[in-house]
Amino acid sequence: MFRKILIANRGEIALRIIWACRELGIKTVAVYSTADTHSLHVRFADEDVCIGPPASRDSYLNVSAVISAAEITGAEAIHPGYGFLSENAHFAEVCRECGLTFIGPQPDVIRRMGDKAEAIRTMIEAGVPTIPGSDGVLSSEEHAREVADRIGWPVLIKAAAGGGGRGMRVVHDPADLGRAYDAARAESQAAFGTPEVYLEKYLLEPRHVEFQVLGDTHGNLLQLHERECSVQRRHQKLVEESPSTALDDRLRSRMAAAALKAAGAVDYVNAGTIEFLLDSRGDFYFIEMNTRIQVEHPVTEMVTGIDLIKEQIRIAAGEPISFTQDDVRTVGHAIECRINAEDPDTFAPSPGKIRSFHLPGGPGIRVDTACYAEATVPPYYDSMIAKVIAHGNTRGEAILRMRRALESFVVEGIKTNVKLQQRILTDEDFVRGRISTKFMERFQPAPRKVTAG
Amino acid sequence: MDPKQLRELIEFVSSSNLATFELETDDVKLKLVKESAAAVAPAAPVYVVTPAPAPAPPVPAAAPPAAPADLVPAGPPVPAAGEAPPGPAETGFVDLRSPIVGTFYRSASPETPAFVEVGARVRKGQVLCIVEAMKLMNEIESEIDAEVVEIRVANGQPVEYGEVLFRLRPMSA
């Protein structure tokens with residue numbers, strides 16, 4: 001086992017990793033930018049090294065500074081947390097060359113799964129379902145029609161060079177295909193300088209359901225059930241839960257088998273997540289794999305009782321996973337709400353000094369945060385300031401616990417999205433488990449209210 | 001040394017924090033002692049006179065010793081050595097800070113002498129030390145013409161970003 005680990009991150013996840021190390025008897029080194037001098041991860045680590053000015057590229061993303069900090073402190077391994085350098089294959093390689101253990105998967109796996117096209121190709125070869133489509137650029141409107149008839153309507157036409165919704169058209173009715181095809185090409189030409197478009201199946205009200213996997217260097221590969229993360233805004237998750245209200249035992253075991261197949265296709269080692277889109281008919285499709293620990297990992301920890309960070313460290317040290325697939329049992333229901341420093345109505349970031357801070361507690365409540373009264377939320381980094389996780393014997397109990405936890409979560413001095421989370425937790429469809437990735441669209445106007453079911 | 005140079009030197013020393021000043025070249029040996037200082041100060045070596053608010057211990061902390069405001073949360077970020085030409089602080093000293101994380105070396109190799117000693121006069125662009133990061137030897141240069149007043153880190157010690165390496169007294173060119 002390692003004697004000393006450097007944590008190449010900040011905020012709540014840095015603190016979370018420090019706690020895991022402390023329980024394992026491992027010394028910790030915090031690295032920080034000059035904007036984080038008074039952060040709790042600096043305060044609670046055994047050692048700390050200032051690695052640069054506030055801008056991430058000069059500090060938390062500065063490979064040379066992070067490696068040097070490990071060298072001068074004698075750390076043997078680096079935990080990258082999430083974000084920053086966590087899915088940077090180059091960084092994982094440099095660690096290896098410098099004799100440091102990167103706590104995560106092999107660099108070539110990070111690279112392969114980070115390249116979206118390559119990841120999809122790998123999954124098709126492995127027999128994991130992916131979203132059906134044209135497998136490349138459309139040559140004509142006729143070509144588009146052929147593909148759409150084969151995979152089934154509705155379809156989505158997307159700019160090959162695209163992003164951000166431009167050059168994108170949903171086509172429900174075959175009669176509209178010609179117009180949509182031309183419009184998408186024109187928009188793509190205007191926005192990206194090329195008219196190339198491709199086509200894929202358009203999923204109606206899809207849910208985002210992901211599976212946690214763990215692999216070790218002894219050939220063990222396990223899955224730790226699902227997390228439902230459909231409540232998201234512009235691909236930013238806001239609420240995550242486990243189990244998903246959309247899965248029965250049969251669907252769960254089919255999806256779990258696909259997740260293991262996906263991870264097995266790249267001989268995955270350490271903690272990873274297979275993300276699927278699940279449609280209303282129970283068909284599911286691989287979208288991507290995250291080769292790191294995720295923000296929402298506590299949801300899985302609360303229902304399985306497994307400490308994922310400690311497991312990551314043990315795996316990186318060459319130990320086998322400390323339990324078997326049969327040992328993985330879930331108890332009750334867990335929900336996580338991400339608390340961000342942002343305006344609950346406009347979603348604009350709200351950095352600044354926290355004047356007063358009171359954390360919720362009591363039965364079934366866990367809060368992961370690195371904030372405190374008088375702490376400053378710097379404008380340079382992610383706006384998430386806390387994760388509130390509620391566990392209950394049933395989903396209803398977890399919702400009720402979350403509601404009263406949010407009520408007693410007091411943050412003054414900066415704006416937070418606590419009120420928005422309270423609106424979500426009282427939304428009738430949320431309470432009934434009727435959610436999809438479209439769910440957040442309703443929170444532009446004032447929402448409806450209902451009591452817990 | 002002509003009278004004009006001598007006068008300028010006397011003026012410079014008078015307006016400085018120095019108590020005594022010694023200069024030795026091939027043809028000149030000169031010692032200037034300030035009257036007030038001579039009356040009180042012992043004959044000890046001189047360079048640290050009326051120092052900046054206590055020469056803070058060289059612990060690995062990024063807070064600059066001359067800026068108590070940094071003890072307050074959200075203090076201003078430590079400026080990188082190299083950002084904006086360092087102007088003399090109220091005390092007349094300028095701190096040279098490490099621009100990177102690494103290991104501090106006072107000489108190019110264990111066999112060679114140190115780049116500088118306390119009391120040395122250095123030119124702008126002169127190498128004062130090396131900070132090794134990832135097996136790369138990064139030469140750290142003085143930003144100004146100056147005299148080395150204090151060396152704050154011992155040879156072979158790790159340094160972090162923003163840590164003070166040298167305390168310098170600026171000299172007019």
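Two residues are in contact if their C-beta atoms, placed from the backbone, lie within 7 Å. Among contacts in chain B between residues at least 6 apart in sequence, 55% join residues at least 24 apart.

The model is predicted: local features need pLDDT of at least 70, side-chain atom pairs count only at pLDDT 80 or more, and totals for chains, interfaces and linings use all residues. Residues are numbered from 1 along each chain as its sequence is written, while chains are lettered from A and ligands numbered from 1 in the order in which they are written.

Chain B holds two helices and 10 strands, where helices (H or I, at least four residues) and strands (E, at least two) are DSSP runs numbered from the N terminus. Their order from the N terminus is α-β-β-α-β-β-β-β-β-β-β-β.

Domain bounds come from an automatic or database domain assignment.

| Domain pair | Distance between C-alpha centres |
|---|---|
| domain 2 of chain A and domain 3 of chain A | 33 Å |
| domain 1 of chain B and domain 2 of chain B | 26 Å |

In chain A the assignment gives domain 1 (4-88), domain 2 (141-201) and domain 3 (207-443); in chain B, domain 1 (3-40) and domain 2 (87-170).

Of the 173 residues in chain B, 29% are buried, that is, 20 or more other C-beta atoms lie within 10 Å of the residue's own.

The contact between the chains takes 19 residues from chain A and 16 residues from chain B. On the side of chain B that touches chain A, 12 residues are nonpolar, three polar and one charged. Here Ala, Val, Leu, Ile, Met, Phe, Trp, Tyr, Cys and Pro count as nonpolar, Asp, Glu, Lys and Arg as charged, and the others, Gly among them, as polar.

How values were computed:
Buried ≥ 20, exposed ≤ 12 C-beta atoms within 10 Å, placed from the backbone.
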